[in-house]
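Student: Hi, could you walk me through this structure? I'd like to start with the ligands and then look at a sheet.

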Amino acid sequence: MKVLYVCTELFPFLKTGGLADVSAGLAPALQALGCEVRLLLPAFPAISDQVISTRPIAPLPEGQMPWGQAPDLPPASLTLITLPGFELPVYLVQAPALYDRPGNPYVGSDGQDWADNAVRFAALGWAGAALGRGLDPDWLPDVIHCHDWHAGLTPAYVRAFAEANQDTPATVFTIHNLAYQGLFPAAEFARLGLPKAWLDVNGIEFFGRVSFMKAALRYADRITTVSPTYAREIMAPAQGHGLDGLLRERANALSGVLNGVDDQVWNPANDALLPARFDADKLQGKTLAKSALQAKFSLEPRPAALVFGVVSRLTPQKGLHLLPQVLAELVQRGGQLALLGQGDLALEQAFVDAAVRHPGQVGVRIGYDEPTAHAVIAGADVILVPSEFEPCGLTQLYALRYGTLPLVRRIGGLADTVVDCTLENLDEGSATGFVFDDMSPAGLLGAVRRAFALFRRPDDWSAVQQRGMRLRFDWHTAALHYLAMYQSLRPSAK
Ligand code: ADP
Ligand code: GLC
């Protein structure tokens, strides 16, 4: 089974969020099951700068297609490269005019989307479809698995070829976050090289604009998202971001497959970023990680303090605007907070102010830093993920592994992965963290109070901690689900 994996991020080379962790975990797990997996990404500098070998493949196709013109792109070609420490071959779309710029893959240094994002990601989509039509004479995928709106046009171009009676691979599209849709003015449509009739509500038009997400949801053979609960949530208006109707139409093609944890990166037993390694049977290293975290965040070195941690993008999705409103009580109860995050400027400032108001009890790092993320996840007692919505969420899975109890809202993947410390769940031995429903300071505070209550019962605390540390959310399980899906789409593929 040959699988082309189309995405924009790959840990550790380029990461803005969980998408990068998924590529680095899932693609090798599929390979381990016997799939032949290659990745396709834009040649962003963060990737190009690390290439160790490169082979030119071909320019992207131009000109007349069976349905009309190919997309109108600046010169673009494909190379096949290898990256250090990453075993799978990677195709890069080389288009310096589109990708060779500093900073974030999606936004400029002013925080605004790059003005030519429609063309930038159409080129990625077109390259995916071209590979599916034999652009590399040595390698033809059976299935193309695309991730998030950036890769959303691949299923559309593949469908255009299929409707012209040409052989095409099957397509699978994974929604990592329906909130980001790749919406562009309808005037961009003419450049995209899609069949003219598709600029229509029954095609990819979305309230007068063009939607790359809708293109994928309309034309992919299968749609997945990253947890079973989010798969249900997005078929209803509250979480459907206007696409719930289409998702309901495609309910038979939609499923939720839970993300996993990459054991090579997030495992306290071999994490070189910690002061000492630890596991469920030997927790001294966790105590060391806690005091190291307190020192790093200038928190009072109190072993008895209940330390809450946050590692997050600071966007409305993550619900962290609730946190400043409960901090006074959290501190008054003897708790501490170590927060690592970046994003919304007002929220950043609110946390910086909180650290000034509560010296020695609230520590804040604004920025993006992998070693500090490990320090927080390992050293905190509780990780806070009070999200408004959460397709899967990875930090709560990492926290479970590190004996850090997740405190989460009952939503999306958080609801699927954390079991609340109710008395009956404690009694039955199923509890792994704290779960609340009401998206309000009172809702969050209720769960924070329960964390303090459990912390005063060390035997119960450690039973919950042990249970979480022994759970396994692995990529092998997710990969088995995807492989079964590929096989159902292409039963004869070897
Ligand atoms: P999302 O993809 O919505 O941001 P996830 O929980 O799926 O949420 O994944 C977030 C990933 O990004 C995790 O690997 C987390 O450790 C990492 N991360 C988030 N914020 C930061 C930060 N400020 N510094 C370092 N890593 C971060
Ligand atoms: C998105 C979601 C997050 C998910 C990640 C990886 O960024 O916000 O919930 O874990 O993708 O699938």
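Tutor: Let us begin with a term we will need: the domain bounds used here come from an automatic or database domain assignment. Please also keep in mind that this is a predicted model.

Student: How many residues surround ligand 2, and which are the closest?

Tutor: There are 14 residues around ligand 2, and the closest are His176, Asn259, Glu390, Cys392 and Gly393. Sorted by class, this shell has six nonpolar, six polar and two charged residues.

Student: And which helix gives the most to the shell around ligand 2?

Tutor: That is helix H1 (residues 18-32), which gives three residues.

Student: What about polar side-chain atoms, say in Glu390: how far is one from an oxygen atom of ligand 2?

Tutor: In Glu390, a polar side-chain atom lies 2.5 Å from an oxygen atom of ligand 2, while for Asn259 a polar side-chain atom lies 2.8 Å from an oxygen atom of the ligand. Gly393 takes part through its backbone, with an N or O atom 2.8 Å from an oxygen atom of ligand 2. The protein covers 92% of the 310 Å² of accessible area that ligand 2 has on its own.

Student: Now ligand 1: which residues come nearest?

Tutor: Of the 21 residues around ligand 1, the nearest are Lys15, Gly18, Asp21, Arg313 and Leu394. In the side chain of Lys15, an N or O atom is 2.8 Å from an oxygen atom of ligand 1, and a polar side-chain atom of Lys318 also lies 2.8 Å from an oxygen atom of this ligand. The protein covers 93% of the 560 Å² of accessible area that ligand 1 has on its own.

Student: Which domains does the shell around ligand 1 draw on?

Tutor: It draws at least three residues from each of domain 1 and domain 2, and strand E15 gives the most, with three residues.

Student: Switching topic: what is the order of the strands in the open sheet?

Tutor: The six strands have the order E17-E16-E15-E18-E19-E20, with parallel pairing. Strand E17 (362-366) and strand E20 (434-436) stand at the edges with a single partner strand each, so one side of each has no neighbour in the sheet. From one strand to the next, the twist averages 15°.

Student: How many bridges join E18 to E19?

Tutor: Four bridges join these parallel strands, and Leu384 stands opposite Leu407 in E19.

How values were computed:
Residues are numbered from 1 along each chain as its sequence is written. Chains are lettered from A and ligands numbered from 1 in the order in which they are written. This is a predicted model: local features need pLDDT of at least 70, side-chain atom pairs count only at pLDDT 80 or more; totals for chains, interfaces and linings use all residues. Side-chain values use heavy atoms; hydrogens and water are left out. A residue is near a molecule or strand if one of its heavy atoms lies within 4 Å of it. A polar contact is a pair of N or O atoms within 3.5 Å; within protein, one must be able to donate a hydrogen and the other to accept it, and residues adjacent in sequence count only if both atoms are side-chain atoms. Accessible areas come from the Shrake-Rupley method with a 1.4 Å probe; for residues, only the protein chains shown count as cover. Helices (H or I, at least four residues) and strands (E, at least two) are DSSP runs, numbered from the N terminus. Ala, Val, Leu, Ile, Met, Phe, Trp, Tyr, Cys and Pro count as nonpolar, Asp, Glu, Lys and Arg as charged, and the others, Gly among them, as polar. Two strands pair if DSSP finds at least two bridges between them. Axes are lines fitted to C-alpha atoms, for helices over the stretch in contact, and angles run from 0 to 180 degrees between N-to-C directions.
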